[in-house]
Amino acid sequence: METSLHICMSVLVIISTLIGVQGIGVNYGTVGNNLPPPTQAVQLIKTKGFTAVRLFEPNADILKALEGSQLKVVLGTLNQDLEKLATDPAFAATWVNDHIVPHANLVQFQYISVGNEVIPGDLSVHILPAIKNLEAALTAVNVPVPVSTSVATYVLGASFPPSQGAFTDKAAAVLAPIAAHLEAQKTPLLANIYTYFAYSGDPKNIQLDYAMLNGTKEVVRDGNLSYVNLLDAIIDAFYWALERVGAPSVDVVLTESGWPSAGGEDGVATIELAETYNNNLVRHVASGGGTPKRPGKAVETYIFALFNENQKKPGTEQNYGLFYPNLQEVYPLNLSP
């Protein structure tokens with residue numbers, strides 16, 4: 001009986017490792033000249049236990065490697081394509097026919113992200129028209145994929161306490177109609193949130209444990225809501241900001257979050273802290289507890305990033321990877337449920 005139980009437990013451990021934590025994906029960037037082939041990268045993503053992957057732009061080789069992988073895929077558009085996507089429906093149709101249709105039967109597209117961190121800015125006026133043109137193109141080929149956009153935390157003009165969350169005036173002017181459209185389509189807003197930047201920018205007023213998701217004791221009391229970590233506080237600030245522009249039912253997907261393992265001059269970009277943050281992030285998301293404002297609603301999350309990328313700006317930007325380009329892990333990450 002003990003032998004049978006041991007075998008059953010071993011099988012369960014193997015299955016758990018293969019399944020991974022539902023709702024945890026990884027950003028697969030390609031800004032490096034020493035990265036492994038897409039087939040090896042996709043196999044690594046699956047073996048590690050991720051259930052989803054985010055690509056910043058269409059890449060035929062990576063999309064081909066993702067066919068049949070069962071990984072959910074967030075696919076971004078190039079920022080330089082935004083104006084054409086917004087003003088030329090034929091270009092949007094070609095984009096869908098080139099990058100979605102060939103893979104639609106074998107790749108599970110989770111979202112299309114129209115632009116990355118361009119709000120507010122000159123390109124932001126193209127976001128909503130581009131979303132609508134891509135939606136129309138997807139409908140025409142009968143491939144339903146939600147279309148949204150990714151925003152950075154700086155679209156928030158106020159975030160403390162979370163209930164005061166509000167977009168800046170410039171961001172709100174663009175995001176209000178986008179959020180209304182997302183609400184009508186029942187599509188989430190994609191947000192890139194790094195507690196590292198908040199802490200490294202204000203270490204005197206932000207506790208490291210609060211930024212690292214280490215804490216269990218209340219740090220911020222906001223009305224009847226209690227916050228023990230900064231990530232929940234920022235996500236909830238987004239929810240309040242969405243309410244203020246008339247979109248109270250729009251969900252937030254965490255398309256980027258992570259911690260650099262090197263390259264900083266502040267002493268907090270270390271392997272040890274990166275390991276702690278990302279493992280805490282996985283545990284927090286895996287718990288399914290949601291945030292104080294949206295309890296019980298797990299936050300779909302994508303860790304940044306899969307590899308260290310040597311052609312990014314020198315410094316921390318090159319050192320967010322969970323893995324070195326030779327496929328060796330920078331530090332262990334536990335994705336077992």
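In which loop is Asn-142 found? In this predicted model, Asn-142 is found in the loop between helix 6 (127–140) and strand 5 (147–152). Although Asn-142 is not a glycine, its phi is positive, at about 60 degrees. The residue is exposed, because its relative accessible area of 66% is over the 50% that marks the exposed class.

Gln-70, which is likewise not a glycine, has a positive phi of about 70 degrees, and it lies in the loop that runs between helix 3 (60–66) and strand 3 (72–76). Gln-70 is exposed as well, with a relative accessible area of 65%. The table sets out the two residues side by side.

| Residue | Phi | Relative accessible area |
|---|---|---|
| Gln-70 | about 70 degrees | 65% |
| Asn-142 | about 60 degrees | 66% |

The peptide bonds come next. Where the chain passes from Phe-160 to Pro-161, the peptide bond is cis, with omega near -10 degrees, and Pro-161 itself is found in the loop between strand 6 (156–158) and strand 7 (166–167).

Which residue does a cis peptide bond join to Phe-304? That residue is Ala-305, and omega for this bond is about 10 degrees. Ala-305 has its place in the segment after strand 12 (301–303).

Taken by location, the positive phi of Gln-70 belongs to a residue in the loop between helix 3 and strand 3, while the positive phi of Asn-142 belongs to a residue in the loop between helix 6 and strand 5.

Methods
Residues numbered from 1 in each chain as written. Predicted model: local features only at pLDDT ≥ 70, side-chain atom pairs only at ≥ 80, totals over all residues. Heavy atoms only, no water. Helix = DSSP H or I, 4+ residues; strand = E, 2+ residues; numbered from the N terminus. Buried < 20%, exposed > 50% of the residue type's maximum accessible area, 1.4 Å probe, protein only.
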